[in-house]
Amino acid sequence: MASGCKIGPSILNSDLANLGAECLRMLDSGADYLHLDTLLQKVPSRKKHKIIMKQASLMNSFFIRVKHFVPNITFGHPVVESLRKQLGQDPFFDMHMMVSRPEQWVKPMAVAGANQYTFHLEATENPGALIKDIRENGMKVGLAIKPGTTVEYLAPWANQIDMALVMTVEPGFGGQKFMEDMMPKVHWLRTQFPSLDIEVDGGVGPDTIHKCAEAGANMIVSGSAIMRSEDPRSVISLLRSVCSEAAQKRCLDR
Ligand SMILES: O=C(CO)[C@@H](O)[C@H](O)COP(=O)(O)O
């Protein structure tokens with residue numbers, strides 16, 4: 001079985017000038033883990049860009065088509081290191097690496113104290129080598145797909161990873177509208193890989209959790225719905241109970 005229902009607040013819409021305090025507020029409110037969004041604009045060299053473009057056409061535009069992975073920037077491993085020092089060893093850091101060339105940050109993030117390294121399938125040419133490197137650096141492996149990526153592309157790697165992340169918004173910003181049409185991907189993964197942790201991320205909150213839970217997600221990332229609530233504890237608790245009920249029902253139905 002997957003590792004139970006867990007709620008991970010996304011810090012993208014938090015007060016980033018007070019990130020440590022915001023993380024503590026989430027942990028004190030019952031968060032099971034922290035979903036730390038690392039976004040980076042990275043301009044590849046001209047040569048590298050040409051290679052990427054060539055691969056994009058060979059792979060039906062599957063690989064990165066633009067210079068930047070997302071049009072936004074947050075923080076890198078020095079901030080993760082500071083958070084680890086402030087929050088101690090217990091909190092689980094799920095690093096959502098919305099970056100081009102995710103290979104380059106594996107070691108720095110491991111040294112900084114990351115627990116899970118979640119990279120985008122669209123951002124790498126060699127997922128197998130990256131998975132191996134993440135494991136060798138002592139972290140769990142998360143593999144994410146953007147809304148435009150077909151879930152079957154992820155399937156070959158599913159038995160080698162700890163978690164699949166199905167994005168339910170275009171990566172880059174918090175506060176976007178949940179894409180319900182991503183739910184068939186979650187459902188397909190849950191059917192094919194019953195024991196895989198499946199995470200959803202983007203526009204998830206009290207109004208949309210039922211869809212995610214019924215489809216089979218068990219790791220729930222929620223940003224603005226939790227961060228901007230006056231009662232984050234209640235929101236986290238509601239998300240967890242909807243998710244747990246759906247998981248129990250799936251067990252009974254089997
Ligand atoms: O990775 C992302 C967006 O790129 C997410 O983690 C969002 O930050 C989630 O925020 P909400 O959509 O829940 O406000």
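**View 1. S224 lies in helix α8.** Helices (H or I, at least four residues) and strands (E, at least two) are DSSP runs numbered from the N terminus. S224 has 18 C-beta neighbours inside 10 Å, so this residue counts as partly exposed (buried means 20 or more other C-beta atoms within 10 Å, exposed 12 or fewer, partly exposed in between; C-beta atoms are placed from the backbone). Leaving out residues up to four places away in sequence, S224 touches N13, G174 and G175 (contact: C-beta atoms within 7 Å). This is a predicted model: local features need pLDDT of at least 70, side-chain atom pairs count only at pLDDT 80 or more, and totals for chains, interfaces and linings use all residues. Residues are numbered from 1 along each chain as its sequence is written.

**View 2. S10 sits in the loop between β1 and α1 (19–28).** S10 counts as buried because 24 C-beta neighbours lie inside 10 Å. Beyond four places in sequence, the contacts of S10 include H35, D37, G174 and D201. The unreviewed UniProt entry lists S10 and S224 under "binding site", along with others including H96 and F173; such annotations may be inferred rather than shown by experiment.

**View 3. Eight strands form an open sheet with parallel pairing.** The order is β1-β8-β7-β6-β5-β4-β3-β2 (a pair needs at least two DSSP bridges). β1 (6–9) and β2 stand at the edges with a single partner strand each, so one side of each has no neighbour in the sheet.

**View 4. Strands β4 (residues 116–120) and β5 (residues 140–145) run parallel and are joined by five bridges.** Y117 has V141 as its bridge partner in β5.

Notes:
Two residues are in contact if their C-beta atoms, placed from the backbone, lie within 7 Å.
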